[in-house]
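Please look at the sequence and the structure below before reading on.

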Amino acid sequence: NAKNIEPEATLEDLKIIQEIVSKCGNKTRIVPAPDNKIETEKIRDITPRPPAPPEAMQIRSPVVTVMGHVDHGKTTLLDTLRGSAVAAGEAGGITQHIGAFTVTLENGEKVTFLDTPGHAAFSAMRARGANVTDIIVLVVAAEDGVMAQTKEVIKLAQDAKVPIIVAINKIDKPEANIEKTKRDLMMMGLVPEDKGGDVQVIPISALKGTNLELLAEAVSTQATLMGLKADYTGLVEGVVVESKTDARRGKLSTAIVTRGILRKGSILVSGLAHAKVRGLFDHNGQPMSEAPPGTPVEILGWRELPFAGELILEVETEKKANMVLKWREHEAQKDKTENTLEDIRKKEEEHLAKYRAERETRRLAGRFRYRFGPRSKEYAEEDKTPRVSVIVKGDVHGSVEAILDVLETYNSNEQCRLDLVHYGVGNITEGDIELAKTFNAIIYAFSVDVPVKATKSVSIRPCNIIYRLIDDLKKEISSKLPTKDVEEKLGEASVLQQFFINEGRKEVPVAGCRCVKGILKKAQKFRLVRDGDVIYEGTLESMRHLKNEVDSIKKDVECGLRFKDINIIPQAGDTIICYATNAEPQLTDWDPGF
Ligand code: GDP
């Protein structure tokens with residue numbers, strides 16, 4: 001009957017039960033009830049139990065945090081209180097610093113003080129969602145009155161809805177001004193009882209120990225007013241106040257029990273740490289048999305050290321503790337990865353923001369310097385470097401940005417500059433057209449309307465695909481580049497024979513050749529090659545077929561070729577190449593990456 005199986009039972013538990021049942025010779029099959037959530041081996045976390053009904057609650061002692069402005073006497077107050085907390089019979093003994101201690105009043109009531117002054121600890125605990133402080137004792141030095149940190153504490157207490165008891169300290173000092181301090185407090189909304197308010201204000205001397213019992217009583221009264229109660233039954237709950245590793249005793253933590261009664265042998269889980277309690281000690285280092293709610297206790301037996309402010313929860317079995325830890329570790333790991341991803345995203349965003357800011361500065365600083373204004377126009381006219389000037393208009397900020405990003409990859413050089421005259425989001429305006437005229441710029445209209453009455457003198461190019469725009473721009477840039485000489489081989493001749501002819505009183509060398517490839521053209525350029533080396537490059541003085549001067553020689557036709565330079569003497573076996581150099585347009589080597 002599934003009803004008799006614990007709701008926390010896992011599939012593994014079911015298996016064990018099945019084994020036991022089977023071993024007893026019982027044929028019953030153990031299956032989870034249909035409405036039971038036990039379908040897989042679930043590793044679950046544990047949380048504090050729901051609050052106990054009011055009738056199950058009993059009175060407990062209050063937990064106090066001492067706060068206040070630096071040097072107003074928090075540490076001194078705690079020292080003196082701690083000293084008074086030394087158990088009778090232990091007088092002269094050394095109080096242990098365990099992070100919290102309990103002061104017992106004459107009437108037997110107890111007040112627990114957290115032994116860490118300052119609001120850092122208080123805030124740290126609150127941040128972990130474990131607020132053990134019931135009452136704040138705000139220490140205000142009577143000579144200084146309310147100071148910056150005093151105000152902070154008041155704010156903090158109000159936010160956390162924790163009542164304040166004010167200890168006006170250093171009243172032994174001649175310059176102490178209790179009345180002024182009270183007035184200061186009233187300005188902050190803390191009205192002392194003797195002024196008609198509800199804030200207990202106790203003048204003390206932490207150093208001399210004056211009125212400290214009055215202060216403790218005030219705390220006790222406040223606690224009674226608050227009706228502080230706790231559930232003394234069931235699994236223990238508590239909060240870690242302090243953790244440390246003791247060279248002799250090992251891992252220790254001080255906790256305030258908030259529910260149940262902590263005893264030896266309890267199994268505790270706190271954050272990612274767990275303990276089987278081997279020993280409990282009070283602030284005098286005395287062993288305790290049990291720690292009820294409101295009691296600070298030093299716990300021995302942690303496998304790992306728990307963190308201050310972390311919740312402590314008791315579990316029934318070691319197995320369950322392990323299960324919970326496994327789950328929490330898994331979750332912590334997941335958090336970590338998520339955090340890392342989040343970190344990366346944040347870094348990327350920061351990087352991008354920085355890059356954008358830098359780019360904007362660069363743009364404004366004049367890498368694209370032909371912007372509005374007559375000065376730039378003059379500059380543009382002075383600089384004779386060929387250039388392509390553009391104006392970019394786009395439908396949305398994103399597309400304009402994207403285009404500008406690509407433009408930025410072009411390195412303006414001596415052969416051609418790329419000048420961004422103007423850019424913006426929106427349709428093409430009269431102003432854009434005027435600007436384009438002034439700077440002889442092309443307007444790229446990216447997914448924006450081109451005005452009907454656009455003038456012929458301005459080139460407006462509509463486009464809606466960035467790479468087409470860039471292709472067009474590349475053509476524009478290429479058209480501004482100087483042409484490049486490209487050689488074209490026209491024909492080739494073999495030198496068969498070397499001879500000389502008389503010209504006037506000079507003998508000049510002539511190459512008797514046959515055209516073996518293509519065509520030889522007299523007006524083109526010739527190259528004399530011997531054994532693979534170029535001997536000469538130049539032009540011809542004469543090209544003859546038989547006795548006639550001709551302009552060209554076709555393949556397999558014999559001819560006499562005479563170079564302009566008469567010092568060049570071709571030999572049989574040389575090769576003469578006829579070639580032309582053609583000026584071809586250059587293409588920009590700008591590669592924007594797509
Ligand atoms: P904290 O910074 O708030 O912890 O202040 P301390 O407890 O360290 O005190 C600062 C200084 O004020 C120390 O020199 C203390 O001796 C002195 N002091 C603290 N309480 C009293 C007091 O009641 N009377 C006098 N005269 N001096 C005090």
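Which residue takes a positive phi near 60 degrees in the hairpin of β21 and β22? That residue is G504, and the hairpin has 2 residues between the strands. The model is predicted, so local features need pLDDT of at least 70 and side-chain atom pairs count only at pLDDT 80 or more, while totals for chains, interfaces and linings use all residues. Residues are numbered from 1 along each chain as its sequence is written, and side-chain values use heavy atoms, with hydrogens and water left out.

**Confidence**

- The protein has a mean pLDDT of 84, and 86% of its residues reach 70 or more; pLDDT is the predictor's confidence in each residue, from 0 to 100.
- Residues 88–93 stay under 50 in pLDDT, and the model has 3 contacts for them beyond four places in sequence, where contact means heavy atoms within 4.5 Å.
- The pLDDT is also below 50 over residues 366–375, a stretch with 28 contacts beyond near neighbours in sequence.
- Where pLDDT is low, the predicted coordinates should not be read in detail.

**Ligand surroundings**

- There are 15 residues around the ligand, and D71, K74, T75, T76 and D172 come nearest; a residue is near a molecule or strand if one of its heavy atoms lies within 4 Å of it.
- By class, this shell has 3 nonpolar, 7 polar and 5 charged residues. Ala, Val, Leu, Ile, Met, Phe, Trp, Tyr, Cys and Pro count as nonpolar, Asp, Glu, Lys and Arg as charged, and the others, Gly among them, as polar.
- Helix α2 (residues 74–84) supplies the largest share of the shell, 3 residues. Helices (H or I, at least four residues) and strands (E, at least two) are DSSP runs, numbered from the N terminus.
- Oxygen atoms of the ligand lie 2.5 Å from a polar side-chain atom of T76 and 3.3 Å from a polar backbone atom of H72.
- A nitrogen atom of the ligand is 2.8 Å from an N or O atom in the side chain of D172.
- The ligand has 570 Å² of accessible area on its own, of which the protein covers 74% (Shrake-Rupley method, 1.4 Å probe).

**Strands around β22**

- Strands β21 (residues 484–503) and β22 (residues 506–521) run antiparallel and are joined by 12 bridges; two strands pair if DSSP finds at least two bridges between them.
- Q497 has G512 in β22 as its bridge partner, and G512 in turn has the partner G560 in β28.
- Strand β28 (residues 558–563) runs antiparallel to β22, with 4 bridges.
- Strand β27 (residues 552–554) pairs with β22 in the antiparallel sense over 3 bridges, and its I553 stands opposite L520.

**V534**

- V534 lies in strand β24 (residues 533–538).
- Leaving aside neighbours within four places in sequence, V534 is in contact with R527, L528 and V529.
- V534 and D574 are 40 residues apart in sequence and 10.0 Å apart in space, C-alpha to C-alpha.

Definitions and conventions
Polar contact = N/O pair within 3.5 Å; in protein donor to acceptor, adjacent residues only side chain to side chain.
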